[in-house]
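Biologist: Thanks for sitting down with me over this one. Could you take me through the pocket and the side-chain pairs, step by step?

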Amino acid sequence: MLAAHLAELSRSRLKTLILAGAVSLKAGAIRDPAYHVAPGDTIIIDVPEAAPAEPKGEEIALQIVYEDDDIIVIDKPKGLVVHPAAGHETGTLVNALIAHCGSSLSGIGGVRRPGIVHRLDKDTTGLMVVAKNDLAHQSLSAQFADHGRTGNMRRGYLAFVWGVPNRQRGTVDAPIDRHPHAREKMAVRQGGREAVTHWEVQESFAGRDGKPVAALLACELKTGRTHQIRVHLAHSGHPLLGDAVYGPHFKTKASQLGPESREALAALGRQALHAYLLVLEHPRSGELLHWEAPLPEDLLLLERCLKAAL
């Protein structure tokens, strides 16, 4: 009924407003989208103002690893969304960068993603580079598109996974596309976009029974698909510890860990993935730059507990 009288608001938008308590009668808010309006009812709708199209600067602390007139490299903490999106309009890395860099950020990525040339998942920690001008943006974008095929770029991750691979190193070469049924997920799919991940075992960890239960892998990307490492490792039978999206069926394996390891994993509350290595050519000078970021405290604790069980 409301949709027929409010053509400017979609049915889904009206449903959202109802569930949020923004639609009411004199007696109070209506929270049932199926509510039948009676003759004589006066409906009040409180439509909030639209969020601003351009993100604003916010004073959010950044762990800056390197900065000059062209680029800024940060060690991103867990829980920090890279750019504004539905459900995360504020409190993002972009908001922090606008406050820190002012108007110098490259505009090539658009007003919602100024300076952003690559991303890390919200709960993945580690190194990110941001372009502070258009020259830097174009150079970095080309390097990320090439991913070390002809240039020198390298992106390395440390990943704690369930199980131990049966060989020391390997490559997952499997195309990735949107999951056919769960649109928020990615999946290995025939006909998807090329995706290549190299991995090497750094350490293995035993469980309560003394048998191998988990491993630490060093991974390098040769392509940059959404959730690539998470998808590829799960596809190979070794999903990330703590990955509720791609490794939910391995959750019961926590019972094989010692009590301290189980507690550290429960406290982690995220996928155990850290972008520890970034190598690239400076967009202006061409100098080869190399950064490494140590594991954050939560992953260090997990590693210590897993080692202690040996």
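Predicted model: local features only at pLDDT ≥ 70, side-chain atom pairs only at ≥ 80, totals over all residues.

Biologist: Which residues lie nearest the centre of the largest pocket?

Modeller: The largest pocket has a volume of about 1,300 Å³. Its lining is made up of 47 residues. Those nearest the centre are Arg119, Asp121, Arg225, Thr226 and His227.

Biologist: Let's turn to charges. How many salt bridges does the structure hold?

Modeller: Side chains of opposite charge can pair when their charged atoms come close. Some of these pairs share partners, as Lys78, Arg270 and Asp298 are linked in a network of salt bridges. The count for the structure is eleven.

Biologist: Arg284 and Asp70 form one of them. How many residues apart are they?

Modeller: Their side chains meet at 2.8 Å, N to O. Arg284 sits in the loop between β13 (273–281) and β14 (288–292), while Asp70 is in the loop between β4 (64–67) and β5 (71–76). The pair therefore links distant parts of the chain, and the separation is 214 residues.

Biologist: Which strands does the salt bridge of Arg154 and Glu220 tie together?

Modeller: The closest N and O atoms of Arg154 and Glu220 are 2.5 Å apart. The two residues are 66 apart in sequence, so the pair ties together separate parts: strand β7 (residues 154–162) and strand β12 (residues 212–221).

Biologist: Of these two, is Glu220 buried or exposed?

Modeller: Arg154 is partly exposed, with a relative accessible area of 35%. Glu220 has 17% relative accessibility, so this residue counts as buried.

Biologist: What is the N to O distance in the salt bridge of Arg169 and Glu200?

Modeller: Arg169 is partly exposed, with a relative accessible area of 49%. Glu200, at 30%, counts as partly exposed as well. Their side chains meet in a salt bridge with an N to O distance of 2.9 Å.

Biologist: On to the rings. What kind of aromatic pair do Tyr66 and Trp291 form?

Modeller: A pair of aromatic rings is described by the distance of the centres and the angle of the planes. A search of the whole structure finds two aromatic pairs. For Tyr66 and Trp291 the values are 5.5 Å centre to centre and 50° between the planes, and the pair is tilted.

Biologist: Which strands hold Tyr66 and Trp291?

Modeller: Tyr66 is partly exposed, at 26% relative accessible area, whereas Trp291 counts as buried at 8%. They are 225 residues apart, in strands β4 and β14 respectively.

Biologist: Why is the pair of Phe160 and Phe205 stacked?

Modeller: Both Phe160 and Phe205 are buried. Planes under 30 degrees apart count as stacked. The ring centres are 6.3 Å apart and the planes stand at 20°, so this pair is stacked.

Biologist: Which residues does Glu303 touch, not counting residues up to four places away in sequence?

Modeller: Glu303 has its place in helix α7 (residues 297–308). With a relative accessible area of 13%, it is buried. Its contacts, leaving out residues up to four places away in sequence, are Phe160, Glu203, Leu216 and Leu295.

Biologist: Last one: how far apart in space are Val164 and Leu216?

Modeller: Val164 is found in the loop between β7 and β8 and is partly exposed, at 29%. Val164 and Leu216 are 52 residues apart in sequence, and their C-alpha to C-alpha distance is 8.6 Å.

Terms used
Residues numbered from 1 in each chain as written. Heavy atoms only, no water. Salt bridge = Lys/Arg side-chain N within 4 Å of Asp/Glu carboxyl O. Helix = DSSP H or I, 4+ residues; strand = E, 2+ residues; numbered from the N terminus. Buried < 20%, exposed > 50% of the residue type's maximum accessible area, 1.4 Å probe, protein only. 1 Å grid on protein atoms, 1.4 Å probe; cavity = no way out; pocket = protein on both sides within 12 Å on 5 of 7 lines; lining within 4 Å. Points joined across faces, edges and corners; volume = space filled by probe spheres on them. Phe/Tyr/Trp six-rings, centres within 6.5 Å; stacked < 30°, edge-to-face > 60°. Contact = heavy atoms within 4.5 Å.
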